[in-house]
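Work through the exercises below with the model open. Each task is followed by a stepwise solution.

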Amino acid sequence: MSKKRKKKRALLPFRLNILFAIVFLLFSALVLQLGVVQIINGEEHQAVLDETTNDIAEISVPRGMIYDSEGNVIVGNEPIYSITYTPPKNGDPADKRLEIATKLADIIKMDDKAVDKITEREYKEYWYQLNEDEANSRITAAEKESLDDTDVYNLTLERITKEDYKQYESDDKAKQIIAIKRELDSATELVPHVIKNKDVTEKEYATIAENMGTLSGINVATDWERYYPYDGSLSGILGGIKTGIPEGEEDYYKSRNYQLNDRIGTSGLEKEYESLLKGDKKRVRYETDNNNNIISQDVISEGQRGQDLQLSINMDFQKELDKIVREELKGAINKHPGANRYMEDAMAVMLNPNTGEIYAASGQHYDRENNKYESEDMNTVFTAAAVGSTVKGATLLAGYQEGAIKMGDSFLDTPMRIKGTQPKKSWKNMGVINDLQALQMSSNVYMFNVALRIGGEYNYKPNQPVSFNHDAFQILRNYYNQVGLGVETGVDLPSESTGYIGSTGQAGNLLDFSIGQFDTYTTMQLAQYISTIANGGYRIKPHFVSEIHEPSNEKGKLGPLAETKSPEVLNKITATQEQIDHVKKGFKMVFQTPKGTAYSHLSEKAKKYDISGKTGTAQTSINGTDLENLTLIGYADSESPDIAFAIVVPNTGIVSGGGQYPITYNIANRALEYYYEHKAPEEKDKSE
């Protein structure tokens, strides 16, 4: 036993010596490695530690402004206080953003719209961040193993119930935090993102400025917002902007260097001229260290706000036309409320027929549910209606060119009876009339004969079937398209309606087509059509923007001219000048001769303006009630026109005793009177 004990005692010091030797060797290796790091590679590693990164951020500038033809600001930029958040490179983690939002909620108050937008998911995410351990416990180990991180997170949110977060729905502080954090979450690294820029109080601004050292990435600045001095007049055509790339258009805007928090034109002229209005962004270089902390920043380029648009619109004329159309719409509804129970809209466009410059465009709508009238100027390009007899000039031009009729040809205007159909007639029996009289008195039967002949039917006999080529529909459409009916006008807006194309049908449909009661057209299309006739056959793009200017350093003043929008001819119609002049002669008879359908409706002042044009009435119905669409197109003066107009009023009631409330004539009389009374003196001299 004693020998074994002695042997064990001898082994212990030996084992300790081996252990000490191992420890010594490991320690020596560590010292050696530290020496290599510090002495041999020390400079290299220090360089890595000291390494910084330069990043360029692009910051939006104020948009270009919009002026009317007289240089008055229609859409401007108003400076406002702004509170912004600039995330570091790679952004702040979610818990850091929550911390910032919680601090900000003690200083600023988000508006009700921001709070009302809080979603169920945002409530759940807020609860998750405050109760992360409990939330994670609702996911099993097997689920975590089989799902990726995103799916695990979404499943966790699904298992958060309304019972969990319902207390926040009535907690004003919590809702403020959530609304603020939404803005923080949507910010782009190194780019200032607006958290609040409406109704920022002086106290909020000052408190943020004093506490920026404790609010990471938060700053105060002067921002801008759009303002509209003319009380919403022309608001639809001017369009709107919003912060953020429109849904579904991410690829388009990102490929053009837009960021998620840019303000972008979403409709109207704001969208159509986005590339000019947005300007050149300010460029800032940020220097960041390896921990993504910003060490320094410097401005590479101050950028430049967007270019300014000057419109051909005269806002005094525009406001007056809005007033006229609204008053006449209201007057018609109030005078015959029973008959006009479906009447809700009236549209009018006034433009230069030689250049396409739009002087005023008004759409007024009666909101029956809320009993109020409101501007809907985009109805001039989007609301299409059957326009009735205003198309008859185009029908005659088609007939001349197809050889269906010659200028001066006559027909007997008496009810037309095609076997198996109801009689089709004019508003009265006119006897034997020629083409000019057909325009003057608005004969339907004359146009029926033209349409049948275009279709190859030259042998109409009462109460017998007719045989015609169904290509006649397309033949007529082709000629209508030449003057602007049924095709895009090319107006400088993001989109427009081309109207409804009726399906090819029977002979009765062809007859209806020839008098404007089959296809439908917009007010802007009618304006282009009458302008094409007025200027001698050139279809010109109507446009709102006449000039583009560089930004001015002087507030409210136009800068240097960058571009003038010249008239753009889309096509010259194939009719001869003699044929066009012949139709113009008939249009003049409509307004200037006693038998003309517009003659008795002209005001005494309007009679001096030498107006030519065409009246129109199209039969329609709603819920079994017979109604009429009223239209009126024209230009003045007849020989050298400088203004053309188109007016459309759908769904007017048929007044007891016959006839309609003369709303289209009233609008035309008042609008033309205003135009000529307010023309520049040198222009008045030419017209007098």
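**Exercise 1. Find the residues at the centre of the largest nonpolar core.**

Step 1. Take the 85 residues of this core; Leu269, Leu311, Leu396, Tyr446, Leu485, Tyr529 and Phe544 touch the most other members. A nonpolar core is a set of buried Ala, Val, Leu, Ile, Met, Phe, Trp, Tyr and Cys residues joined through side-chain atoms within 4.5 Å. Buried means under 20% relative accessible area, exposed over 50%, and partly exposed in between (1.4 Å probe, protein chains only).

Step 2. Ask which helix gives the most: helix 20 (residues 444-454), with 8 residues. Helices (H or I, at least four residues) and strands (E, at least two) are DSSP runs, numbered from the N terminus.

Step 3. List the contacts (heavy atoms within 4.5 Å) of Tyr446. Leaving aside neighbours within four places in sequence, they include Leu396, Ile405, Phe411, Ile433 and Ala438. Asp409, Ser410, Asn434 and Asp435 are also in contact with Tyr446.

Step 4. Look for another core. A second, separate one has 37 residues, including Ile324, Met343, Ala360 and Tyr674.

Before going on, note the basis. The model is predicted: local features need pLDDT of at least 70, side-chain atom pairs count only at pLDDT 80 or more, and totals for chains, interfaces and linings use all residues. Residues are numbered from 1 along each chain as its sequence is written, and side-chain values use heavy atoms, leaving out hydrogens and water.

**Exercise 2. Describe the setting of helix 8 (residues 149-158).**

Step 1. Pick out the buried residues: Val152, Leu155, Thr156 and Leu157.

Step 2. Identify the cover. It includes helix 5 (120-130), helix 6 (132-136) and helix 7 (141-146).

Step 3. Check the N-terminal end. Asp148 caps helix 8 there, with a side-chain oxygen 3.2 Å from the backbone nitrogen of Thr150.

Methods. Contact means heavy atoms within 4.5 Å. A polar contact is a pair of N or O atoms within 3.5 Å; within protein, one must be able to donate a hydrogen and the other to accept it, and residues adjacent in sequence count only if both atoms are side-chain atoms.
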